[in-house]
Amino acid sequence: MSHREIVSTLRRLISEIRYISSEKKLHDSLLVKYIMMQFHKYKETDQQLCKAQEEMKFLALSYLCYLQSQRRFEEIHNQYHAKGERSVKETADMVGFKLPKDPK
Amino acid sequence: MILNIFADILPKCLAFNRATGNFNKKLCYQILLIPNRHYAALKRFYRRTGILNSDGKFEITLDQRKLKTPKGNPFIINSEPLALAVAAEWDAQKEKIWQSSMHLTALCSTAIDNPNNLTKSDLVQHIMSYLDTDTVLFQSSEADELYELQIQEWEPILKWFCKRYDVKLEAARDISGPTISHETKNVLTKHLSSFNFWAVHGFSFGVEALKSVILTLCCTDRHISVEKAVLLSCLEEEFQSGHWGRVEWAHDLNQQEMQARLAAAVLFIQLNSSSTFVQSKQQCVAA
């Protein structure tokens, strides 16, 4: 894997984490910090054939696949899944009725 | 009326109790008496997720509360990146909590709880039983396009696998299936048994997702990527849908789910096996 591929994997990972994280600043996220630390650590052994570097690359790709697949699964599911029955309030609104507890 | 209100609050209390382990048995008994109509509507009850480090073991926190397994055991993980990934799973839940999509959490919980009281050899035998009906060993009996595709895609994988594990495996073209020698089974059983208990859970999950031992082992040995393994596992389905058309809410949905499951399995195996991930202070040793 070339340097460009590694950078592209990292970029895609960060963008996936942005979707799922509830943190306002991505810098503060523990997961992002750990990933950046691992990438820096294994970048230095670029020239040698390092088994751990291969493992890290594969792990990064697998985690990227995991996050992407989960997100796409949810998107497809939400798009096609039935919404269920209407609630009592929605049905009442449809015909212009008010529920007993609503203010007049 | 009171019944309705109770049925609204109860699932939230139950889920909250279950997740944080405060199991009040009296409350539980009352819950069972009242019909619960809101099973799927478990809402997110925490704002932030984090991890705690105690003596090299990690736990997950939802706000200040510690996560527990369904049986009530403490949710302790040995590997830091795995703990971070589990915390990220919980963080990814938006309004509703979809426990069925949190594969890493489920794998960890199963490994900790061991609800069926399985030993490692039970699990390995269960995995090996999938070898007799391995997807890659069943090839089309007619000389058609599908058979050519199978030869093109599966043969290199089989060759690599046989060379890597020093076994002999041949595909079968009829319905009676492939014959697998005892030596092959012994070699693979030994290989699987060399992993620890947690990693074998990961293997079991992956094999059940792909219905193929060969493809799972090729993936965990980093010979093929997760996406490629899923495509190879569903080769006939891909071939047919290429001919007859693809239905997004079935084919794509299944593909994404299988990818998520296999990716979770691969992550779980790797993060529980390599010593670099269990103790984060160790340095990488150049080969």
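**Exercise 1. With which residue does Arg261(B) form a salt bridge, and how far apart are the closest N and O atoms?**

Solution. This is a predicted model, and the distances that follow are computed from its atoms.
- Step 1: The partner of Arg261(B) is Glu257(B), and the closest N and O atoms of this salt bridge are 3.3 Å apart.
- Step 2: Arg261(B) and Glu257(B) are separated by about one helical turn, because they stand 4 residues apart in helix α12 (residues 248–273) of chain B.
- Step 3: Arg261(B) counts as partly exposed, because its relative accessibility is 27%, and Glu257(B) is likewise partly exposed, with a relative accessible area of 26%.

**Exercise 2. Find the salt bridge of Glu75(A), and state which network it belongs to.**

Solution. 
- Step 1: Glu75(A) pairs with Arg71(A) in a salt bridge whose closest N and O atoms lie 3.1 Å apart.
- Step 2: Both residues belong to helix α3 of chain A, where a spacing of 4 residues corresponds to about one turn of the helix.
- Step 3: With a relative accessible area of 44%, Glu75(A) falls in the partly exposed class.
- Step 4: A network of salt bridges links Glu16(A), Arg71(A) and Glu75(A), and over all chains the structure holds 13 salt bridges.

**Exercise 3. Decide for each partner in the salt bridge between Asp252(B) and Arg246(B) whether it is buried or partly exposed.**

Solution. 
- Step 1: The side chains of Asp252(B) and Arg246(B) meet in a salt bridge, with a distance of 2.9 Å from N to O.
- Step 2: The cut-off needed here is that a residue counts as buried under 20% relative accessible area, and as exposed over 50%.
- Step 3: Asp252(B) has a relative accessible area of 19%, and is therefore buried.
- Step 4: Arg246(B) reaches 36% relative accessibility, and therefore counts as partly exposed.

**Exercise 4. Which residues form a nonpolar patch on the surface together with Tyr80(A)?**

Solution. 
- Step 1: The patch consists of Tyr80(A), Val247(B) and Trp249(B), which together have about 300 Å² of accessible area.
- Step 2: Tyr80(A) is found in helix α3 of chain A, a helix that covers residues 51–80.
- Step 3: Tyr80(A) counts as partly exposed, because its relative accessibility is 37%.

**Exercise 5. Examine the phi values of Asp63(B) and Asn114(B), and place each residue in chain B.**

Solution. 
- Step 1: Most residues other than glycine have a negative phi.
- Step 2: Asp63(B), although not a glycine, has a positive phi near 55°, and its place is the loop between β2 (57–62) and β3 (65–66) of chain B.
- Step 3: Asn114(B) has a positive phi near 50°, and this residue lies in the loop between α4 (103–113) and α5 (120–128) of chain B.
- Step 4: Asp63(B) is partly exposed at 28% relative accessibility, whereas Asn114(B), at 14%, counts as buried.

**Exercise 6. Summarise chain B as a whole, and identify stretches where pLDDT stays under 50.**

Solution. 
- Step 1: Chain B contains 13 helices and 4 strands, and buried residues make up 47% of its 287 residues.
- Step 2: Among the contacts in chain B with a separation of 6 or more, 65% are between residues 24 or more positions apart.
- Step 3: Chain B exposes about 15,300 Å², of which carbon and sulfur atoms supply 54%.
- Step 4: The mean pLDDT of chain B is 84, with 81% of its residues at 70 or more, and the model scores ipTM 0.83 and pTM 0.82.
- Step 5: pLDDT stays under 50 over residues 1–7 of chain B, for which the model has 7 contacts beyond four places in sequence, and also over residues 279–287 of chain B, for which it has 14 such contacts.
- Step 6: Where pLDDT is low, the predicted coordinates should not be read in detail.

Key. Residues numbered from 1 in each chain as written. Chains lettered and ligands numbered in written order. Predicted model: local features only at pLDDT ≥ 70, side-chain atom pairs only at ≥ 80, totals over all residues. Heavy atoms only, no water. pLDDT = per-residue confidence, 0-100. Contact = heavy atoms within 4.5 Å. Patch = residues over 30% accessible without salt bridge, like charges linked within 9 Å, V, L, I, M, F, W, Y side chains within 5 Å. Areas by Shrake-Rupley, 256 points an atom, 1.4 Å probe, with all protein chains shown as cover. Salt bridge = Lys/Arg side-chain N within 4 Å of Asp/Glu carboxyl O. Helix = DSSP H or I, 4+ residues; strand = E, 2+ residues; numbered from the N terminus. Buried < 20%, exposed > 50% of the residue type's maximum accessible area, 1.4 Å probe, protein only.
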